Amino acid sequence: AGSSAGPVRAPRPPAFHGHPYLVTVGVLVGLVLVRAWRTEGLLEENLFNSWLYFTCLVIGFWLVFGVAGHFAFSQAAFAGLGAYTAAWMTGNDHPFGLALVVAVLVCALVALAFGLLVRRSEHLYFAIATLGLSEVLLLVFHRWKGFTDGGEITNIAPVSLFGWEVAGPDRDQRAFWLLLGLLGALLLLCHLLERSPVVREATAARERPLVAASAGLPVVRIRTSLLVLGSAIAGLVGAVLVHWRGSVVTEQFGVDLGLAIFLMLILGGMGSKYGALLGAWFYVYVENGLRDVDEQLEG
């Protein structure tokens, strides 16, 4: 007797299971509620915004390390490159929107050149190369006075998008909505990447590079593309930071921050982009709590 069963449907990838967009909306709404009910005073508002800032940085690094498997410690340096590029643009009377675009493009181009230069490096050697790149960029920030004014820039123009500015007495409140929108956009981008072949191919290239190359996957191109994307995100976040804070110094983007970003991703978990929220929370609030304890002990 013939079988009457219909055609067998191919199994759906895990990224297509569940309701990821609803989860993201729930996370964003939860952040709004927590800030509204549990955050009081300028110090707590600033800590909350710093939490969102670090979360956005770590999401970019999740693409570089969590997905592509690159041991890169250059995320902080690219944030600094984006910050100084955007500050230079607005300091020369260019609009903030254009400054953001240029900052992202500069970081992407530098990351692309670097990725192609060290495309054959693996693991420890790649990590050492990114540490070297970070030191070179920090040296540029310190020495190139025409670009960075010696590394310290003040009175940077505030964020201004379509007539809406992050300025005035409610600056931190406005910065919260800006950072929340940026976080939502990055999470949406990650969802789209997860539902495309990009993340699946990058995972295969990370776990079994020889097998992936034998199967015809462009391993080098995949890894380099995610390095460029993650570095461009870092530049975008750095540009937003300095125009929110109104000033920048080179020490904000030192190698210690690059190591801290790595730590945040490990603490939050590399298996999900939402781990960036947990890792950044630990870094911001636990460090602040330990500082308070130390002050009380000294007092």
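Predicted model: local features only at pLDDT ≥ 70, side-chain atom pairs only at ≥ 80, totals over all residues.
1. Residues are numbered from 1 along each chain as its sequence is written, and side-chain values use heavy atoms, with hydrogens and water left out.

2. **The overall plan.** The chain holds 12 helices and 2 strands. Both kinds of element are DSSP runs numbered from the N terminus: helices are H or I with at least four residues, and strands are E with at least two. Along the sequence the order is α-α-α-α-α-α-β-β-α-α-α-α-α-α. The radius of gyration of the chain is 21 Å, close to the 19 Å that the globule rule gives for 299 residues, so the chain is as compact as a globular protein of that length. (That radius is taken over C-alpha atoms, and the rule is 2.2 Å times the number of residues to the power 0.38.) The C-alpha trace spans about 80 × 45 × 45 Å along its principal axes.

3. **Inside and contacts.** Of the 299 residues in the chain, 45% are buried. Here buried means under 20% relative accessible area, exposed means over 50%, and partly exposed lies in between, with a 1.4 Å probe and protein chains only. Contact means heavy atoms within 4.5 Å. Among contacts with a separation of 6 or more, 77% join residues 24 or more positions apart.

4. **Helices α2 and α10.** How do these two pack? Helix α2 (residues 41-67) and helix α10 (residues 219-245) have axes 7 Å apart, at an angle of about 165°. That makes α2 roughly antiparallel to α10. Axes are lines fitted to C-alpha atoms, for helices over the stretch in contact, and angles run from 0 to 180 degrees between N-to-C directions. Angles under 35 degrees count as roughly parallel, over 145 as roughly antiparallel, 65 to 115 as roughly perpendicular and the rest as oblique. The residues in contact include Tyr53, Leu57 and Gly60 of α2 and Gly230, Ile233 and Trp244 of α10. By type, the contact has 14 nonpolar, 5 polar and 1 charged. In this grouping Ala, Val, Leu, Ile, Met, Phe, Trp, Tyr, Cys and Pro are nonpolar, Asp, Glu, Lys and Arg are charged, and the others, Gly among them, are polar.

5. **Helices α3 and α5.** The axes of α3 and helix α5 (residues 123-143) come within 9 Å and cross at roughly 25°. This makes α3 roughly parallel to α5. Ala77, Phe78, Gly80, Leu81 and Tyr84 of α3 meet Leu133, Ser134, Leu137 and Phe141 of α5. This contact divides into 7 nonpolar, 2 polar and no charged residues.

6. **Serine 74.** Leaving aside residues up to four places away in sequence, serine 74 touches Thr130, Leu133 and Ser134.

7. **Two aspartates to look at.** Aspartate 93 has a positive phi of about 70° although it is not a glycine. Aspartate 93 sits in the loop between α3 (75-91) and α4 (96-117), and counts as exposed at 74% relative accessibility. Aspartate 149 also has a positive phi, near 60°. Its place is the loop between α6 (145-148) and β1 (160-161), and aspartate 149 counts as exposed at 54% relative accessibility.
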